[in-house]
Amino acid sequence: MERTGGVEDCPHCGGTGWVRVADGGAGAARPCVCEEQRRLPRLIEASGVPPRYRECTIAGFQTAGEERARARLLEARAVCQRYVDEFLGLDGRFRETGLVFVGPPGTGKTHLAAAVLLELIRRHGIAGRFVDFTSLVHRIQSTFDPSSPESKHDVLDPVIDAPLLVFDELGAQKATPFVNDVLYLILNTRYTRRLPTLFTTNFRLERPAAAGAPGEHDLLASRVPPILVSRLFEMAVPVALDTGDFRREVRMHGIRV
Ligand SMILES: [Zn+2]
């Protein structure tokens, strides 16, 4: 078989980058571990995970703090670990549902989402992508300039098609018809194609129990069309990173990971 760039003198493939596996017939070839190791830095580079999050790991997620907060963070970390461990199902297919990390700024939502993405890139060689909503919107808008070297599709297609996507800061952009169109295209296409997405958001998923209670104005539904909020619940399991109301909301949905 043609050499594709495996590591020379690799004990598994002899440097071809491929190994044969029995399939009950003539046998099939799959990329050797050495080839996967070689691809890894490229995949991580191409993922778009910002440099400050490149070293994030699930195990390295800080869970210090007062006891209740700590228990909650430990639980969020455990959910992430389970998600990674069960990403490849017994049927040999990747998971179709994602996670939505909910909580105020500074609670580690992006750390956990990036860590899950990086872990799955390492484990399965999956071509995951990281995108921050605000930068994405600005990048798409810059393509409207006739002198722009890239088109709207150049920017959007890799996000829509990614086998695993981190969509950071859902709701960060004020809802305008343009922003809603972008959101609709991404969420709806990924939902239809059953591609898993890991969202983070500073906004609440549900209305506080009492009308006029604090938090009434921080609803995700005030930033994202309600139809897309419902879609979000079909696509992703909430992971709460704050006490009190955020916690209760997740319970109310009764979804278990
Ligand atoms: Zn090899």
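Are Cys13 and Cys34 buried or exposed? Both residues are buried, where buried denotes under 20% relative accessible area, exposed over 50%, and partly exposed the range in between, with a 1.4 Å probe and protein chains only.

## Basis of the model

The structure is a predicted model, in which local features need pLDDT of at least 70 and side-chain atom pairs count only at pLDDT 80 or more, while totals for chains, interfaces and linings use all residues. Residues are numbered from 1 along each chain as its sequence is written, and side-chain values use heavy atoms, with hydrogens and water left out.

## Overall composition

The protein comprises eight helices and seven strands. These elements are DSSP runs numbered from the N terminus, with helices (H or I) of at least four residues and strands (E) of at least two. Of its 257 residues, 44% count as buried.

Among contacts between residues at least 6 apart in sequence, 68% join residues at least 24 apart, a contact being heavy atoms within 4.5 Å.

## The zinc site

The zinc ion is coordinated through the SG atoms of Cys10, Cys13, Cys32 and Cys34, at 2.2 to 2.3 Å. Donors are N, O and S atoms within 2.8 Å of the metal (3.2 Å for Na, K and Ca), and sites may look incomplete because water is not among the atoms. The arrangement is tetrahedral because the four donor atoms subtend angles of 107 to 112° around the zinc ion; for four donors, that term requires all angles to lie between 85 and 135 degrees. Along the chain, the donors follow the spacing C-x2-C-x18-C-x1-C.

Between Cys34 and Cys10, the separation is 24 residues in sequence and 7.0 Å in space, C-alpha to C-alpha.

Val19 stands opposite Arg30 in E2. The hairpin has six residues between its strands, and Gly24 takes a positive phi near 85° there.

## The parallel sheet

Five strands form an open sheet with parallel pairing, in the order E4-E5-E6-E3-E7. Strand E4 (129-132) and strand E7 (236-240) stand at the edges with a single partner strand each, so one side of each has no neighbour in the sheet. From one strand to the next, the twist averages 15°. Helix H4 (residues 133-142) lies across E4 and E5 and runs at about 80° to E4. For such angles, axes are lines fitted to C-alpha atoms, for helices over the stretch in contact, and the values run from 0 to 180 degrees between N-to-C directions.

Strand E5 pairs with E4 in the parallel sense over four bridges and with E6, also in the parallel sense, over three bridges. Phe167 in E5 is the bridge partner of Val131, and Phe199 in E6 is the bridge partner of Phe167. Leu165 has Thr197 in E6 as its bridge partner. Leu165 and Phe167 point one way from E5, Val166 and Asp168 point the other way, and all are buried.

Most residues other than glycine have a negative phi, and most peptide bonds are trans. Glu169 has a positive phi of about 65° although it is not a glycine. The residue is found in the loop between strand E5 (165-168) and helix H6 (177-192). Glu169 counts as partly exposed because its relative accessibility is 25%.

Arg194, likewise not a glycine, has a positive phi of about 55°. Its place is the loop between H6 and strand E6 (197-201). With 54% relative accessibility, Arg194 counts as exposed.

Note on methods:
Four donors count as tetrahedral if all angles lie between 85 and 135 degrees; four count as square planar and six as octahedral if opposite donors are over 155 degrees apart and all others between 65 and 115; anything else is irregular. Two strands pair if DSSP finds at least two bridges between them.
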